Amino acid sequence: DNATNWLRKKGIANADKKSSRTASEGLVGLKTNEKICVLVEINTETDFVSKNEDFQKYVAKVLDICATKVFTIEDLLIQKYDDSYNVAESLKNLIAKIGENIVIRRLVYLSNDDGQYAFGSYIHNKINKKLGKMACIIKLKTLSSSEEVTSLANKIAMHITASKPLAINESDLSPELISKEREIFVAQLKESGKPDNIIEKIVEGKIKKFLSEVTLINQNWIIDPSHKVKDIINTFNEKNNSNIAIADFKLFIL
């Protein structure tokens, strides 16, 4: 983290984006039903294996198991995979067959136990309707679900996948993150030779722009950048006499 901040302050490289990348291949899986929406990432050493039919079948089967209830990865590994093996044992068999290390890396859920939410989802770089390289799940708070609400949720999930917000709104961001960005902006401006008496004014503008870029409701709508995401939701609510709101989202980028 210190190295990333130093690089950014010096303007040597866009280290923030580079540091968020992983050196892994594999697939992200997505599945949803009325009660559960789940994302799972399973990594391989090379992209070649992600195209392997046996690997894809394994990811799809694990995804089906994940969607039966909320598991931790530790709990998932001991679940029954087939009549002979559990998930962990089947993984070892697959590794032995393919000859490359494979890891169930992460798993995340959104739930709708009380039925007051509507799910949306989106997969990018699809292998099939369940698997891809990037995936997003989202839930909207709503009194009644409909095809229109689900369609909007799916579009917002697509927007999130493209725009990669860090939070729904400013209040969901950690004060430490904003403080760090402010510190970096000040250092960048001092490094470029800006006088102290105008640095604070410039920094305030940069912070405002930063917040609009990383908070979902303040981002420009990917389908029509002349509107903000919050404008799209407000217009939908007015048109449909509804009161939907974004409750949560999860984004996996391989």
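Colleague: How are helix 4 and helix 6 oriented to each other, roughly parallel or roughly antiparallel?

Modeller: This is a predicted model, where local features need pLDDT of at least 70, side-chain atom pairs count only at pLDDT 80 or more, and totals for chains, interfaces and linings use all residues. Residues are numbered from 1 along each chain as its sequence is written, and side-chain values use heavy atoms, leaving out hydrogens and water. Helix 4 (residues 53-66) and helix 6 (residues 87-98) pack at about 170°, with axes 11 Å apart. Over 145 degrees counts as roughly antiparallel, so these two helices are roughly antiparallel.

Colleague: Which residues of helix 4 make the contact?

Modeller: Contact means heavy atoms within 4.5 Å. Helix 6 brings V87, S90, L91, L94, K97 and I98. From helix 4 come D54, F55, Y58, V62 and I65.

Colleague: Is S90 buried or exposed?

Modeller: S90 lies in helix 6 and touches Y58, Y81, D82 and Y85, not counting residues up to four places away in sequence. Buried means under 20% relative accessible area, with a 1.4 Å probe and protein chains only. S90 has 8% relative accessibility, so it counts as buried.

Colleague: Which residue has its charged end over the ring of Y117?

Modeller: A charge sits over a ring if NZ of Lys or CZ of Arg is within 6 Å of the ring centre and within 35 degrees of the ring normal. R106 lies over the face of F252, at 3.9 Å from the ring centre. Over Y117, 4.2 Å from the ring centre, sits the charged end of K139.

Notes. Axes are lines fitted to C-alpha atoms, for helices over the stretch in contact, and angles run from 0 to 180 degrees between N-to-C directions. Helices (H or I, at least four residues) and strands (E, at least two) are DSSP runs, numbered from the N terminus. Angles under 35 degrees count as roughly parallel, over 145 as roughly antiparallel, 65 to 115 as roughly perpendicular and the rest as oblique. Buried means under 20% relative accessible area, exposed over 50%, partly exposed in between (1.4 Å probe, protein chains only).
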